[in-house]
Amino acid sequence: MGLRYLTSGESHGKCLTAILEGLPAGVPVTKKEVDVELARRQHTFGRGARQQYIENDAVEFVSGLRFGQTLGSPITLTVENKDWVHWEKIMSVEADAFDEKYSLVRPRPGHADLAGVLKFNRRDTRDILERASARETAARTAVGAVCRKFLSLFDIHIYSWVLEIGGVKSKRPPLPAAEIHAQAEESPVRCADAQATKKMMAAIQVAKRAGDTLGGLYEVVATGLPVGLGSHIQWDLKLDGLLAQALMSIQAHKSVEVGDGLHLASVKGSKAHDEIFYDMDKGFFRKTNHAGGIEGGMTNGEPVVLRATFKPLASLGRPLHSVHIKTKEEIKAEIVRSDVAPVAAAAVIGEAVTAITLAQVFLSKFGGDSIRETRDNFDRYQAAVRNF
Ligand code: EPS
């Protein structure tokens with residue numbers, strides 16, 4: 001069995017938990033490296049009060065690490081919900097703590113609320129929204145941080161930046177991914193364009209005052225990938241499919257593009273593909289990357305380029321029309337505390353799920369119970385590709 005993981009936890013429960021199994025032994029991992037990623041996800045402009053003032057996300061490793069290295073056993077990690085103190089009654093596990101006054105009955109259009117209560121036969125949308133909440137992505141970010149550390153041992157790096165928030169578009173600078181990423185890290189909305197950053201922040205403030213929310217678009221790029229991760233031979237082994245699933249599984253995501261994506265609908269074949277060249281030092285290479293680094297469901301050695309669309313959040317200060325789930329009367333949807341435009345946070349989560357998926361396909365190709373074994377397999381394959 002390859003690399004796999006699960007998360008658990010409700011948004012206002014005690015904590016989030018994840019179990020990651022299948023990493024080889026001997027991967028150096030520190031709490032600090034994971035906490036850096038959690039902070040990158042948490043502290044961006046466009047977040048609500050909880051992210052700014054209440055949470056202070058930090059990982060606790062419960063199993064699978066010893067003296068700073070993975071053991072090859074399941075890694076269990078938790079992220080505490082500091083807000084739990086305010087929710088112990090509302091989220092109690094005890095039957096006698098039930099109180100009708102805690103029930104939420106006004107489903108938000110665009111949220112999991114209504115489909116969830118119908119599917120699970122619940123009378124309180126909180127039974128659904130607690131798990132549907134993007135709070136869960138703190139756990140995935142922590143898992144992603146561990147996978148990212150593993151990939152970095154093979155010089156594989158993952159970057160991201162925001163391209164658009166609420167219709168304010170930015171220009172993608174003609175720079176290497178690491179440099180665009182470094183510029184984005186300086187921006188409160190993780191946009192590498194200073195002018196656009198200001199406009200995006202202003203748009204978020206306007207939306208917040210209007211009780212509204214904004215969506216956006218971000219890009220994730222992975223560099224240093226060997227040729228041949230993923231496979232053309234079966235539908236569920238194709239890397240573009242796996243990455244699209246991983247990104248689409250992030251809360252509020254509505255579309256994913258690979259390489260030139262949507263744009264390819266309107267260009268001719270002669271302009272859509274990346275011509276092949278050969279150099280004694282580089283081996284086979286391309287001068288363009290319309291394919292976004294993936295051909296036939298496999299990496300082709302160029303950077304993997306992905307873009308994801310984040311919809312405006314469904315929790316509105318000025319709510320939309322809805323229906324009371326018990327009385328069926330027409331009402332406005334629930335007003336709950338939330339974020340305004342967490343697109344920058346979404347980009348960090350996009351990096352995390354990309355790291356997890358790439359680590360999965362990397363390990364399914366190279367295997368290894370110890371990092372030394374993985375490295376030997378990787379080096380042998382790379383030498384074979386070089387000497388092809
Ligand atoms: C979220 C609503 C907000 C966000 C939360 C996701 O939480 P609350 O309702 O407690 O204010 O802060 O995001 C996180 C807690 C997080 O860690 O990202 C939602 O409804 O999805």
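Reader: Which residues surround the ligand?

Author: A residue is near a molecule if one of its heavy atoms lies within 4 Å of it. Here the ligand is surrounded by His12, Arg41, Arg47, Arg50, Gln51, Ser133, Ala134, Arg135, Arg337, Ser338 and Asp339. This is a predicted model, where local features need pLDDT of at least 70, side-chain atom pairs count only at pLDDT 80 or more, and totals for chains, interfaces and linings use all residues. Residues are numbered from 1 along each chain as its sequence is written, and side-chain values use heavy atoms, with hydrogens and water left out.

Reader: Which polar side-chain atoms lie at what distance from an oxygen atom of the ligand?

Author: A polar contact is a pair of N or O atoms within 3.5 Å. A polar side-chain atom of Arg41 is 2.6 Å from a ligand oxygen, and an N or O atom in the His12 side chain is also 2.6 Å from a ligand oxygen. For Gln51, the distance from a polar side-chain atom to a ligand oxygen is 3.0 Å.

Reader: How much of the ligand does the protein bury?

Author: Accessible areas come from the Shrake-Rupley method with a 1.4 Å probe. Alone, the ligand exposes 460 Å², and the protein buries 92% of that.

Reader: What is the fold made of, in helices and strands?

Author: Helices (H or I, at least four residues) and strands (E, at least two) are DSSP runs. The protein chain has eleven helices and 17 strands.

Technical notes. Polar contact = N/O pair within 3.5 Å; in protein donor to acceptor, adjacent residues only side chain to side chain.
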